[in-house]
Amino acid sequence: MEKTIIIYRSKTGFSQRYAQWMAEELGGRAVPFQERGAVRLGEYDTIILAGGLYAGQMAGLKWLAKQLPDLTEKRIAALAVGCAPMDTPDLGESMNKLFGPLPQIRGFYCQGGLDYAHMGAVDRAMMAALRAALKAKPDQAEMLAGIAKSFDGTRREYLEPVIRWAGQAQAAE
């Protein structure tokens, strides 16, 4: 039987929500990133990492990349969760930069959101600096409006490509 694990690294809860939804859909197990040391990845057929996207870098991806030599026979995916809408024009290019150097990992993206109330001080300061920079650029008014306040952009249907990918793996078994 196919065994799936979803390890998630979530600061404000959006990656965790997606991980839990994937676990429900795939009959897998969702585990917080902090507990990854207690997980024996070799016992799973499919390994999915869900993590936030911060300044073009995905939380937890470096750790997953370090595990690759021991996971040669596994199906591996990573779900980057960011605040950009799913139809952002340069999103494909950003994902290629992120996942291109890691062909063993199937990369996906889902919109998460912003939760200023649960962000740490450093993240809030970085977002304030970004907002200040965007205010000086009239052509970035739409992006500025999109990050001006907290919002939840998670949608279960955004996971359909990941679920389809994992389902194909299960059907092949």
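## Basis

The model is predicted: local features need pLDDT of at least 70, side-chain atom pairs count only at pLDDT 80 or more, and totals for chains, interfaces and linings use all residues. Residues are numbered from 1 along each chain as its sequence is written, and side-chain values use heavy atoms, without hydrogens or water.

## Aromatic pairs

A pair of aromatic rings is described by the distance of the centres and the angle of the planes. Here, rings of Phe, Tyr and Trp (its six-membered ring) pair if their centres lie within 6.5 Å; planes under 30 degrees apart are stacked, over 60 edge-to-face, and the rest tilted. The count comes to 3 aromatic pairs. One of them joins Tyr18 and Trp21, edge-to-face, at 5.5 Å centre to centre and 80 degrees between the planes. Both residues lie in helix 1 (residues 14-26), 3 residues apart, about one turn of the helix. Helices (H or I, at least four residues) and strands (E, at least two) are DSSP runs, numbered from the N terminus. Tyr18 is buried at 0% relative accessibility, and Trp21 is buried at 17%. Buried means under 20% relative accessible area, exposed over 50%, and partly exposed in between (1.4 Å probe, protein chains only).

Phe108 and Trp165 also pair. Their ring centres are 6.1 Å apart and their planes stand at 65 degrees, so this pair is edge-to-face. Phe108 lies in strand 6 (residues 105-111) and Trp165 in helix 6 (residues 160-172), so the pair ties together parts 57 residues apart in sequence. Phe108 is buried at 7% relative accessibility. Trp165 is buried at 11%.

## Charges over rings

A charge sits over a ring if NZ of Lys or CZ of Arg is within 6 Å of the ring centre and within 35 degrees of the ring normal. Arg75 lies over the face of Trp165, at 4.2 Å from the ring centre. Lys11 lies over the face of Tyr54, at 4.6 Å from the ring centre.

Two strands pair if DSSP finds at least two bridges between them. Ala80 stands opposite Tyr109 in strand 6. Strand 6 is mostly covered, with 5 of its 7 residues buried.

Strand 5, helix 3 (residues 91-99) and strand 6 make a right-handed β-α-β unit. Right-handed means that, with the strands pointing away from the viewer, the path from the first strand over the helix to the second runs clockwise.

## Helix 1

The expected span of a helix is 1.5 Å times one less than its number of residues. The 13 residues of helix 1 should therefore span 18 Å, and its end C-alpha atoms are 18 Å apart, which agrees. Its buried residues include Phe14, Ala19, Met22 and Leu26. Just after helix 1, Gly27 takes a positive phi of about 65 degrees.

## Nonpolar core

A nonpolar core is a set of buried Ala, Val, Leu, Ile, Met, Phe, Trp, Tyr and Cys residues joined through side-chain atoms within 4.5 Å. The largest has 25 residues; Ile5, Leu41, Met58, Leu61, Leu64, Phe99 and Ile105 touch the most other members. Strand 1 (4-9), strand 3, helix 2 (61-67), strand 5, helix 3 and strand 6 each supply at least two residues of this core. Helix 3 gives the most, with 4 residues.
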